[in-house]
Amino acid sequence: MQTELDKTDLVLLQAMQANARLTSGELAQVAHLSQSPAWRRVKRMEDAGIVTGYHAALNRRALGYGVLAFVLVSIDHQNETSSHAFEHAVVEIPEVVMFHAISGPEDFMLVVVARDLDGYSDLLQKRLHRLPGVRRVHTHFSLQDFKGQIGNLPLPTP
């Protein structure tokens, strides 16, 4: 069931998307509310699953990931067992920062980060090509970012 959102809820959501560190008092000011009603609205949206978490946006390049690739994958068989084995294996790869089942000629799209082209080549040969049921892999490299954030970047080990 979809939760009804009014203009005040949308103001709160926009402010939270722009800066997840805003306090309930700061959110209240933005939405022209007192603190308690603002907090209750945010809590209601959390309980409804509209707000699913609070995250820090990390700069992949500053962490040493110069390559961002969109990897389209076709698997041999589109049945529950094959898809499930593939899905579980992909989720375990830290460099895969987004993963979707898609429509069209390919079955899945992975968004992958790597330090450089050699690092991506290594990941492709040693991990991606060896995933269960992989039939075909097509890679498209991002040349420039315009909009959007990539989350859950793997962090370097100390």
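In this predicted model, Asp145 forms a salt bridge with Arg61. The closest N and O atoms of Asp145 and Arg61 are 3.5 Å apart. Asp145 lies in the segment after strand E4 (134–141), and Arg61 lies in the loop between H3 and strand E1 (67–75), so the pair ties together parts that are 84 residues apart in sequence.

Within it, the side chains of Arg41 and Asp9 meet at 2.8 Å, N to O. Arg41 belongs to helix H3 (residues 35–47) and Asp9 to helix H1 (residues 7–18), so this pair links parts that are 32 residues apart in sequence. Asp9 is buried. Its relative accessible area is 1%, which places Asp9 under the 20% cut-off for buried residues.

A further salt bridge joins Asp47 and Lys43. Here the distance is 2.9 Å, N to O. Asp47 and Lys43 are four residues apart in helix H3, so about one helical turn separates them. Asp47 is exposed, with a relative accessible area of 57%. Lys43 counts as partly exposed, at 33% relative accessibility. In total, the structure holds seven salt bridges. Among them are the bridges of Asp145 with Arg61, of Arg41 with Asp9 and of Asp47 with Lys43.

Helix H3 also packs against helix H2 (residues 24–31). Two packed helices are described by the angle between their axes and the distance between the axes. For H2 and H3, the angle is about 100 degrees. Their axes are 8 Å apart. Angles of 65 to 115 degrees count as roughly perpendicular, and H2 and H3 are therefore roughly perpendicular to each other.

The contact draws on residues from both helices. On the H2 side stand Ser24, Gly25, Leu27 and Ala28. These meet Gln35, Ala38, Trp39 and Val42 in H3. Five residues of the contact are nonpolar and three are polar. No charged residue takes part in the contact of H2 with H3.

Key. Residues are numbered from 1 along each chain as its sequence is written. This is a predicted model: local features need pLDDT of at least 70, side-chain atom pairs count only at pLDDT 80 or more; totals for chains, interfaces and linings use all residues. Side-chain values use heavy atoms; hydrogens and water are left out. A salt bridge is a side-chain nitrogen of Lys or Arg within 4 Å of a carboxyl oxygen of Asp or Glu. Helices (H or I, at least four residues) and strands (E, at least two) are DSSP runs, numbered from the N terminus. Buried means under 20% relative accessible area, exposed over 50%, partly exposed in between (1.4 Å probe, protein chains only). Axes are lines fitted to C-alpha atoms, for helices over the stretch in contact, and angles run from 0 to 180 degrees between N-to-C directions. Angles under 35 degrees count as roughly parallel, over 145 as roughly antiparallel, 65 to 115 as roughly perpendicular and the rest as oblique. Contact means heavy atoms within 4.5 Å. Ala, Val, Leu, Ile, Met, Phe, Trp, Tyr, Cys and Pro count as nonpolar, Asp, Glu, Lys and Arg as charged, and the others, Gly among them, as polar.
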